[in-house]
Amino acid sequence: MTLDLFQLRKLLHQTPELAFQEHRTKELLLSYLKKLTGIKIHEFSTNTGILIEYSQGQEAYRLFRADMDALPVSEQTGCAFSSLNQGMMHACGHDIHMTVLMGLIARICAEQPRVNLLFLFQPAEEGWGGAEAVLAEGLIQTFNVKEVYALHVAGGMELGKISSREGVFFAIPQEFDVTFRGKATHVAFSGQGINALQAGLRFMNLMQESVAGLSQREKVIFHVGKMEAGRIRNVVADLCKLEGTHRSLRKEVSGQLNDLIQLNSRLASDEYGATAKVDLLCSYDPVVNAPALVETLKEVVHQAGAVWQEAETAMTGEDFGFFTTRYPGLLFWLGSGCKHPLHSELFLADEACIPLGVEIFTRLALRN
């Protein structure tokens with residue numbers, strides 16, 4: 001059975017859905033999978049993921065994964081197959097990831113090699129830790145998995161290029177909220193109030209000082225992207241909320257940053273008589289590439305006639321790290337042919353990258 005992968009990509013791009021809500025996406029993928037033979041389809045009971053089993057060999061399984069969810073971004077690409085779901089867009093290229101994985105499955109079903117493979121369509125990569133949810137069900141662990149693989153399209157990378165590195169490839173992200181509560185009063189009587197905004201600003205200053213010292217020893221990012229405070233210009237703010245993220249390469253350092261957030265929020269609130277509440281939200285494990293698999297990838301890239309490019313460690317997060325913590329793994333960049341960055345409302349990967357993604361995946365799946 002020959003599948004029209006380019007048509008699948010367009011359909012997926014038109015129907016983006018947010019984390020754990022990928023119901024139409026799942027239906028579309030299942031409609032294609034059911035046209036293929038030689039595979040067994042497993043569905044998860046607690047999420048929208050799909051695990052496809054191909055069991056034709058005696059050895060352990062290699063697992064290939066693609067993420068399914070989209071972002072709350074309003075598309076501005078102007079392409080003929082733009083998102084039909086208002087305020088949602090495949091701005092991170094997951095439509096390409098799913099299409100490449102489907103292409104791999106179709107190739108395997110057509111060739112019927114004597115190997116054992118698993119293919120995972122995984123929900124909720126964008127900030128919701130779908131990989132952790134999928135692993136928590138225990139279905140994947142019923143198979144003897146020896147290696148795990150994934151790819152990610154790269155904005156600003158030319159078609160025909162593949163890029164990765166051994167060791168830590170993607171950093172540890174940690175999302176957080178810090179909320180200060182004070183007491184509102186008219187500015188003319190500010191001494192009777194408790195200024196939550198001042199506490200929030202003091203927290204920011206303390207964190208900047210702390211991170212400046214830490215960054216001399218470690219590669220870290222600390223960023224507050226949203227800060228809200230107050231209700232009216234002539235009233236002391238009784239609430240200040242900061243929403244941010246930090247990134248690091250080691251779990252110990254991520255823990256140190258969390259400790260600094262707790263400490264400095266207490267210091268700032270005590271200084272102004274406010275109260276502080278810290279919420280540590282989603283965090284992923286780092287993506288760590290097995291050196292032997294990176295060397296294999298280099299060989300495969302050469303065999304496929306593609307261009308290898310050594311990658312820098314990315315300070316972005318990817319929940320594929322939950323897999324590389326458990327199994328030897330490999331994640332690599334696939335040149336998208338799009339000049340715009342990931343998560344942009346203008347990001348649109350060139351469909352010409354799909355055949356190379358399928359070819360690289362296939363060679364990795366079938367090697368001895």
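Student: Let's start with W333: is W333 buried or exposed?
Tutor: Keep in mind that this is a predicted model. The cut-off for buried is under 20% relative accessible area. W333 has a relative accessible area of 14%, so the word for W333 is buried.

Student: Which residue forms an edge-to-face aromatic pair with W333?
Tutor: A search through the whole structure turns up 11 aromatic pairs. In one of them, the ring centres lie 6.1 Å apart and the planes make 80°. Planes over 60 degrees apart count as edge-to-face, and the partner of W333 in that pair is F169.

Student: How many residues apart in sequence are the parts tied together by F169 and W333?
Tutor: F169 counts as buried, at 0% relative accessibility. F169 belongs to strand β7 (residues 167-170), while W333 sits in strand β14. The pair therefore ties together parts whose separation in sequence, in residues, is 164.

Student: Which residues do ring pairs link into a cluster?
Tutor: Here the ring pairs join up into a group. The members of that cluster are F64, Y149, F332 and F361.

Student: Which strands are at the edges of the eight-stranded open sheet?
Tutor: The order across this open sheet is β1-β2-β4-β3-β5-β14-β6-β13, with mixed pairing. Neighbouring strands are turned by 25° against each other on average, ignoring direction. An edge strand pairs on one side only, and here those are β1 (40-43) and β13 (307-310).

Student: What about β2: how many of the six residues of β2 are buried?
Tutor: β1 and β2 form a hairpin with six residues between them, pairing in the antiparallel sense over four bridges, with I41 opposite I52. β2 also pairs with β4, antiparallel over six bridges, and E53 has L118 as its bridge partner in β4. Strand β2 (residues 50-55) is largely enclosed by the rest of the structure, because of its six residues the number buried is five.

Student: Which helix lies across β3, β4, β5, β6 and β14?
Tutor: Helix α7 (residues 291-303) lies across β5, β6, β13 and β14, running at about 150° to β13. The helix you want covers residues 353-366 and runs at about 155° to β14. That one is α9.

Student: How far apart are the C-alpha atoms of V307 and E158?
Tutor: V307 is part of strand β13 and counts as partly exposed, at 41% relative accessibility. Beyond its neighbours within four places in sequence, V307 is in contact with G160, K161, I162 and V301. V307 and E158 are 149 residues apart along the chain, and their C-alpha separation is 9.7 Å.

Student: Switching to the four-stranded sheet, which helix makes about 10° with β8?
Tutor: This open sheet is antiparallel, in the order β9-β10-β8-β11, with a twist averaging 20° from one strand to the next. Helix α5 (residues 196-214) packs on the sheet, and its direction makes about 175° with that of β9. The helix of residues 251-272 touches β8, β9, β10 and β11, and the one making about 10° with β8 is α6.

Student: Last one: the backbone oxygen of which residue lies 2.7 Å from a polar side-chain atom of S83?
Tutor: S83 is in the loop between β3 and α3 and is buried, with a relative accessible area of 18%. The side chain of S83 reaches the backbone oxygen of N85 at 3.0 Å. The backbone oxygen at 2.7 Å belongs to M88.

Definitions and conventions
Residues are numbered from 1 along each chain as its sequence is written. This is a predicted model: local features need pLDDT of at least 70, side-chain atom pairs count only at pLDDT 80 or more; totals for chains, interfaces and linings use all residues. Side-chain values use heavy atoms; hydrogens and water are left out. Two strands pair if DSSP finds at least two bridges between them. Helices (H or I, at least four residues) and strands (E, at least two) are DSSP runs, numbered from the N terminus. Axes are lines fitted to C-alpha atoms, for helices over the stretch in contact, and angles run from 0 to 180 degrees between N-to-C directions. Contact means heavy atoms within 4.5 Å. Rings of Phe, Tyr and Trp (its six-membered ring) pair if their centres lie within 6.5 Å; planes under 30 degrees apart count as stacked, over 60 as edge-to-face and the rest as tilted. Buried means under 20% relative accessible area, exposed over 50%, partly exposed in between (1.4 Å probe, protein chains only). A polar contact is a pair of N or O atoms within 3.5 Å; within protein, one must be able to donate a hydrogen and the other to accept it, and residues adjacent in sequence count only if both atoms are side-chain atoms.
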